[in-house]
Structures are given as C-alpha cells and as structure tokens.
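Here is a short briefing on how parts of one protein chain pack together. Look at the sequence and the model first, then read the points below.

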Amino acid sequence: MATKRRTREQWQALIDEQAESELSVSEFCAQYDLTVSNFYLWRKKLSNDSQSLTQPDNWLAFDIPASAEKEPGGAWEIELALPGGVVLRMNRAA
C-alpha cells in the first residue's frame, strides 16, 4: 500500500488537532493511521520552524553620514570581527 505524503500545512493541522483533543499521541496516531515517530518528527520540525520565525533579527543597521555620500571620493572603513578570529574589512578609499 502506498504511503500518503502530507504537506507541512497538513501536518500542522494534525498536530494542532491532536493538541486540542484529549487523545494521547499514540491514540491519535492510531486513529489517523500515522506513525508515532513521524508525528514527533513533524511536531519537532514545525516547532523549530515557528521558533526561528519569531526570533528577532540580529541585524545591526548603520548609515553612512550624509556628508560622506555627498563628497566625491569620500572615504569610509568598516571592520567586522567574526567568531573564530575572522575579520572582515571593507573600505572606500578617498
């Protein structure tokens, strides 16, 4: 018998339905012909996805002063120290 492939949205609906039901995961999976291991796998995967979407961005925005943009050939330097000792240097020479 062929295995039914479900979309992320279908798995999320099943996970939500189980959470709202009074059935254990094992009982719910038996009722819907799901494997318990797949259920837990998808629940973890979708939980990790939703956590990564709700985490704030760790971007640091900065602007080049307007005076530097107006000056032809205005110089600037940026140095970014990364983990592991990597240093990224960017500059615009005058």
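A residue counts as buried when its relative accessible area is under 20%, as exposed when it is over 50%, and as partly exposed in between (1.4 Å probe, protein chains only). At 63% relative accessibility, D33 is therefore exposed. The model is predicted, so local features need pLDDT of at least 70 and side-chain atom pairs count only at pLDDT 80 or more, while totals for chains, interfaces and linings use all residues. Residues are numbered from 1 along each chain as its sequence is written, and side-chain values use heavy atoms, with hydrogens and water left out.

- Helices (H or I, at least four residues) and strands (E, at least two) are DSSP runs, numbered from the N terminus.
- Two packed helices are described by the angle between their axes and the distance between the axes.
- Helix 1 (residues 8-20) packs on helix 2 (residues 25-32) at an angle of about 130°, and their axes are 10 Å apart.
- Axes are lines fitted to C-alpha atoms, for helices over the stretch in contact, and angles run from 0 to 180 degrees between N-to-C directions.
- Helix 1 and helix 2 are therefore oblique to each other; angles under 35 degrees count as roughly parallel, over 145 as roughly antiparallel, 65 to 115 as roughly perpendicular and the rest as oblique.
- From helix 1, L14, E17 and Q18 meet V25, F28 and Y32 of helix 2, where contact means heavy atoms within 4.5 Å.
- By class, this contact has 4 nonpolar, 1 polar and 1 charged residues; Ala, Val, Leu, Ile, Met, Phe, Trp, Tyr, Cys and Pro count as nonpolar, Asp, Glu, Lys and Arg as charged, and the others, Gly among them, as polar.

**The two sides of helix 2**

- V25, F28 and C29 are the buried residues of helix 2.
- Seen down the axis of helix 2, its buried residues fall within an arc of 95°, so they line one face; the arc is that of the directions from the helix axis to the C-beta atoms.
- Exposed A30 and Q31 sit on the face turned away from the buried side of helix 2.

- D33 belongs to the loop between helix 2 and helix 3 (36-54).
- Most residues other than glycine have a negative phi.
- D33 is not a glycine, yet its phi is positive, about 55°.

**F39 in helix 3**

- F39 lies in helix 3 and, at 0% relative accessibility, counts as buried.
- Between F39 and L14 there are 25 residues in sequence and 8.7 Å in space, C-alpha to C-alpha.
- Beyond neighbours within four places in sequence, the contacts of F39 include W11, I15 and L34.
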